[in-house]
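Subject: Structure for your review

Dear colleague,

Here is the structure I said I would pass on. Please open it next to this message, as my notes refer to residues by number.

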Amino acid sequence: MTTVSSAEHTRRDFLYIATAAVGAVGAAAVLVPLVAQMNPDASTIAAGAPIEVDLAPIADGQIIKVFWRSKPIFISHRSKAEIAAAQKVALNELPDPEPDADRVKQGHDQWLVVIGICTHLGCIPLAHQGEYDGWFCPCHGSQYDTAGRIRKGPAPKNLPLPPYKFVSDTKIQIG
Ligand code: FES
């Protein structure tokens with residue numbers, strides 16, 4: 001006598017709910033144009049709207065230039081040596097005495113943000129040039145240090161600081 005046993009296999013169908021992922025992508029795609037619309041357009045920025053600048057791509061020792069209210073703004077990612085050079089200067093050596101700490105935001109010594117207009121007659125100085133490796137104005141020879149302070153030449157004042165604040169560790173808002 002032969003017993004035949006048979007096994008029954010239960011087949012399960014797995015349903016992958018792809019629609020959830022598609023839904024998320026769809027929502028993100030909708031958000032992008034909304035966010036883009038919230039940014040001020042070029043004419044609004046020119047009229048004085050605040051601008052945000054991402055600092056993350058600026059390398060140690062690099063200086064970049066952006067425009068705010070049609071003015072050049074220099075953002076310097078100061079190296080340790082540049083910070084040390086700025087901090088060690090005695091105030092009585094400066095034509096427009098200002099400690100380095102007053103030129104940067106507390107806890108962000110590596111970032112110097114200045115309006116890039118020479119305080120003599122308004123030329124745009126050249127970055128990382130001159131005796132102090134800050135800025136050199138080729139128009140009449142003014143020299144600024146790594147804190148943007150006037151050190152030599154006819155300019156009477158330090159490079160001005162624009163109004164700005166840190167909105168995160170790597171992002172500032174100017175204006
Ligand atoms: S405008 Fe810069 S030195 Fe005269």
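Predicted model: local features only at pLDDT ≥ 70, side-chain atom pairs only at ≥ 80, totals over all residues.

Three strands make up an open sheet in the order 2-3-4, and their pairing is antiparallel. Strand 2 (63–68) and strand 4 (111–115) are at the edges; each has a single partner strand, so one side of each has no neighbour in the sheet. On average, neighbouring strands here are turned by 25° against each other, direction ignored. Strand 3 covers residues 71–77 and pairs with strand 4 over five bridges, in the antiparallel sense. For a place to look, take Phe-74, whose bridge partner in strand 4 is Val-114.

Helix 3

Which residues of helix 3 are buried? In this helix, residues 80–87, they are Glu-82, Ile-83 and Ala-86. Viewed down the helix axis, the buried residues fall within an arc of 100°, so they line one face of helix 3. That buried set packs against strand 3 and strand 5 (126–129). On the face turned away from the buried side, helix 3 carries Lys-80 and Ala-81, which are exposed.

Strand 10 (residues 171–174) runs antiparallel to strand 9, and four bridges join the two. Phe-166 has Ile-172 in strand 10 as its bridge partner.

Arg-103

Arg-103 sits in the loop between helix 3 and strand 4. Is this arginine buried or exposed? Its relative accessibility is 3%; the cut-off for buried is under 20%, so Arg-103 counts as buried. A polar atom of the Arg-103 side chain lies 2.8 Å from the backbone oxygen of Leu-159. Neighbours within four places in sequence aside, the contacts of Arg-103 include Glu-98, Leu-112, Val-114, Asn-158 and Leu-161. Val-114 is also the bridge partner of Phe-74. Arg-149 is another residue in contact with Arg-103, and Arg-149 comes up again below.

Salt bridges

Side chains of opposite charge can pair when their charged atoms come close. The count of salt bridges in this model comes to eight.

One of them joins Glu-52 and Lys-171, with the closest N and O atoms 4.0 Å apart. This pair links distant parts of the chain, Glu-52 being in strand 1 and Lys-171 in strand 10, 119 residues apart. Lys-171 is partly exposed, at a relative accessible area of 31%.

Asp-145 takes part in a salt bridge with Arg-149, at 3.0 Å from N to O. Asp-145 also meets Arg-151 in a salt bridge, at 3.0 Å from N to O. Asp-145 is buried, with a relative accessible area of 3%. Arg-149 counts as buried at 1% relative accessibility, and Arg-151 counts as buried at 15%. Together with Glu-93, these residues, Asp-145, Arg-149 and Arg-151, are linked in a network of salt bridges.

Regards

Conventions
Residues numbered from 1 in each chain as written. Heavy atoms only, no water. Pairing = 2+ DSSP bridges. Axes fitted to C-alpha atoms, helices over the stretch in contact; angles between N-to-C directions. Buried < 20%, exposed > 50% of the residue type's maximum accessible area, 1.4 Å probe, protein only. Arc of directions from axis to C-beta. Contact = heavy atoms within 4.5 Å. Polar contact = N/O pair within 3.5 Å; in protein donor to acceptor, adjacent residues only side chain to side chain. Salt bridge = Lys/Arg side-chain N within 4 Å of Asp/Glu carboxyl O.
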